[in-house]
Amino acid sequence: MAGRIAFASLGCAKALVDSEQLIARLRALGYELVPEYEEADLAIVNTCGFINPAIEESLEEIGLALEKTPKVVATGCLGARPEVIRKAHPEVLAVTGPAQFEAVLEAVTRALPPDRDPKTALVPPRVRLTPRHYAYLKIAEGCDNKCSFCIIPKLRGPQVSRPLDEVVREAEGLVATGTRELIIIAQDTLAYGRERGERGALLRLIDRLAELGVWLRLLYVYPYPEVEALVEKMAEGKLLPYLDVPLQHASPRILRAMRRPGDAERYLERIRAWRRAVPDLTLRSVFIVGFPGETEEDFALLLDFLKEAELDRVGAFTYSEVEGAAANALPGRVPEEVKEERYHRLMQLQAEISSRRMRRWVGKRVPVIVDAPGEDGAWIARSPGDAPGVDGVVYLEGEGIEVGERYLAQVTDADTYDLFARVLRPLPWKAALGAK
Ligand code: SF4
């Protein structure tokens with residue numbers, strides 16, 4: 001055995017896929033993955049550098065690893081700013097940027113010689129960190145947008161889309177080994193193929209993936225006009241009726257300062273049209289409160305927008321400065337206590353909206369996929385309106401329930417974010433490559 005490695009993966013689903021690929025490479029070289037730092041000869045921390053709380057969490061995790069493991073390699077988004085990591089933890093063995101697998105492997109193999117030759121070891125594409133029945137499918141790396149609060153384009157570079165056939169091959173492999181829900185991710189999924197001058201590449205990809213006969217969910221959709229074409233794919237049943245469009249704000253003044261398109265009126269019109277096309281649509285969005293220059297009037301506009309839009313799922317962050325972001329130079333810094341107070345007002349309002357939205361499902365029949373056994377005889381499942389890890393769940397009751405299978409369920413009750421349902425009958429998958 002080459003040595004034991006503990007791995008911590010922080011941040012978003014995109015970073016999780018990087019971790020999965022890196023772990024596969026480490027296993028192929030003969031390293032054993034262990035769950036605790038104490039048991040490891042070396043630790044790898046895949047960091048997140050999106051906002052200050054994430055940076056702090058990453059630095060803390062590196063500190064924790066250093067306390068318990070003799071050697072630590074830091075990689076991931078925060079690794080693109082090695083000086084931040086080195087300043088807090090000068091003793092780390094190596095610091096590498098996001099998806100820099102070769103550099104991580106070089107640092108690891110230097111510190112802990114591998115069993116096999118890195119040049120000839122057969123590498124499986126990735127080792128899954130999610131349950132077998134769902135998987136993230138990363139279709140591009142990097143981002144070409146210039147949102148003023150974000151340094152992801154600096155960290156991960158401009159967008160590079162994966163070839164369509166390669167993505168389809170990966171999806172086929174995942175389905176053949178039991179995946180029943182594919183979750184398409186990128187920094188900006190709707191821009192897939194755009195840097196190569198391809199138009200409609202994502203729609204073509206959806207058509208191909210829909211042939212696999214499993215649930216297909218799309219995350220991180222930038223509010224381009226092309227969203228309408230995605231909604232058509234949902235109406236055709238090729239894509240789950242779940243639209244994750246981070247809008248960030250509703251005040252045109254703040255959106256301009258964020259270097260993002262749109263305004264409340266335009267968004268409301270589009271939301272109405274999306275819902276007309278797909279009545280069972282679940283709409284998810286994310287907002288930043290306390291952005292520089294946000295007045296009480298701007299914030300009231302955001303609350304009015306939320307009341308009118310009645311979004312199903314809403315996440316919110318208080319604005320926090322990230323070193324290197326253009327927004328840092330904007331005037332009108334909002335005091336922390338005002339940000340917090342606005343955040344709580346927004347979340348309180350959204351909890352009321354969410355409760356109302358969830359009640360509309362009571363008495364209806366919904367398809368669900370089962371994630372895990374729960375407590376008190378109920379199972380943890382999700383409807384098309386629930387993305388794993390970020391949304392609510394469906395507490396499912398009934399006989400003969402199995403993880404990864406799909407059922408038609410009768411919704412019996414709802415609370416603020418979750419549903420309660422009883423199984424009516426199985427809904428067998430038509431997975432084209434179908435090994436269970
Ligand atoms: S779309 Fe905007 S927020 Fe998202 S990664 Fe790109 S620059 Fe950052």
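Trainee: How many bridges pair strand S15 with S16, and in which sense?
Mentor: This is a predicted model, so keep that in mind as we go. Strand S15 covers residues 379-382. One of its residues, isoleucine 380, stands opposite tyrosine 395 in S16. The two strands pair in the antiparallel sense, over 3 bridges.

Trainee: Which residues touch the most other members of the largest nonpolar core?
Mentor: In soluble globular proteins, nonpolar side chains tend to be buried together. Here the largest nonpolar core has 129 residues. The ones touching the most other members are Leu137, Leu182, Val368 and Leu396.

Trainee: How many residues does the hairpin between S17 and S18 run through?
Mentor: Strand S17, residues 406-414, is joined to S18 by 7 bridges, and the pair runs antiparallel. Alanine 414 stands opposite leucine 419 in S18. The hairpin that joins S17 to S18 goes through 4 residues.

Trainee: Moving to the open sheet, which strands stand at the edges?
Mentor: The open sheet has 5 strands in the order S2-S1-S3-S4-S5, with parallel pairing. The edge strands each have a single partner strand, so one side of each is left without a neighbour in the sheet. They are S2 (32-34) and S5 (94-95).

Trainee: Which residue in S4 does valine 45 stand opposite?
Mentor: S3 and strand S4, residues 71-76, run parallel and are joined by 6 bridges. Valine 45 stands opposite a residue of S4, and that one is alanine 74.

Trainee: Is arginine 4 buried or partly exposed?
Mentor: Arginine 4 lies in strand S1, residues 4-9. Beyond four places in sequence, arginine 4 is in contact with Glu32, Val34, Glu39, Ala40 and Asp41. Its C-alpha atom is separated by 6.6 Å from that of leucine 42, which is 38 residues away along the chain. Because arginine 4 has 17 C-beta neighbours inside 10 Å, it counts as partly exposed.

Trainee: What about phenylalanine 50: buried or exposed?
Mentor: Phenylalanine 50 lies in the loop between strand S3 (42-47) and helix H2 (52-68). Past four places in sequence, phenylalanine 50 touches Gly11, Cys77 and Ile152. Leucine 78 is 28 residues from phenylalanine 50 in sequence and 8.0 Å from it in space, C-alpha to C-alpha. Since there are 22 C-beta neighbours inside 10 Å, phenylalanine 50 counts as buried.

Trainee: How do the residues of the shell around the ligand divide?
Mentor: Ile152, one of the residues phenylalanine 50 touches, is also one of those around the ligand. By kind, the shell comes to 6 nonpolar, 2 polar and 1 charged.

Trainee: Glutamine 248 isn't a glycine, so what is its phi?
Mentor: Glutamine 248 sits in the loop between strand S11 (242-244) and helix H9 (252-257). With 22 other C-beta atoms within 10 Å, glutamine 248 is buried. Its phi is positive, at about 70°.

Trainee: And is arginine 259 buried or partly exposed?
Mentor: Arginine 259 is found in the loop between H9 and helix H10 (264-277). Its phi is positive too, near 60°, in a residue other than glycine. As arginine 259 has 14 C-beta neighbours inside 10 Å, it counts as partly exposed.

Trainee: Last one: what distance separates the centres of domain 1 and domain 3?
Mentor: The chain is divided into domain 1 (4-111), domain 2 (134-359) and domain 3 (365-426). Taken over C-alpha atoms, the centres of domain 1 and domain 3 are separated by 35 Å.

Key: Residues numbered from 1 in each chain as written. Predicted model: local features only at pLDDT ≥ 70, side-chain atom pairs only at ≥ 80, totals over all residues. Buried ≥ 20, exposed ≤ 12 C-beta atoms within 10 Å, placed from the backbone. Contact = placed C-beta atoms within 7 Å. Near = placed C-beta within 6 Å. Nonpolar A, V, L, I, M, F, W, Y, C, P; charged D, E, K, R; others polar. Domains from an automatic or database assignment. Core = buried A, V, L, I, M, F, W, Y, C linked by C-beta atoms within 7 Å. Pairing = 2+ DSSP bridges.
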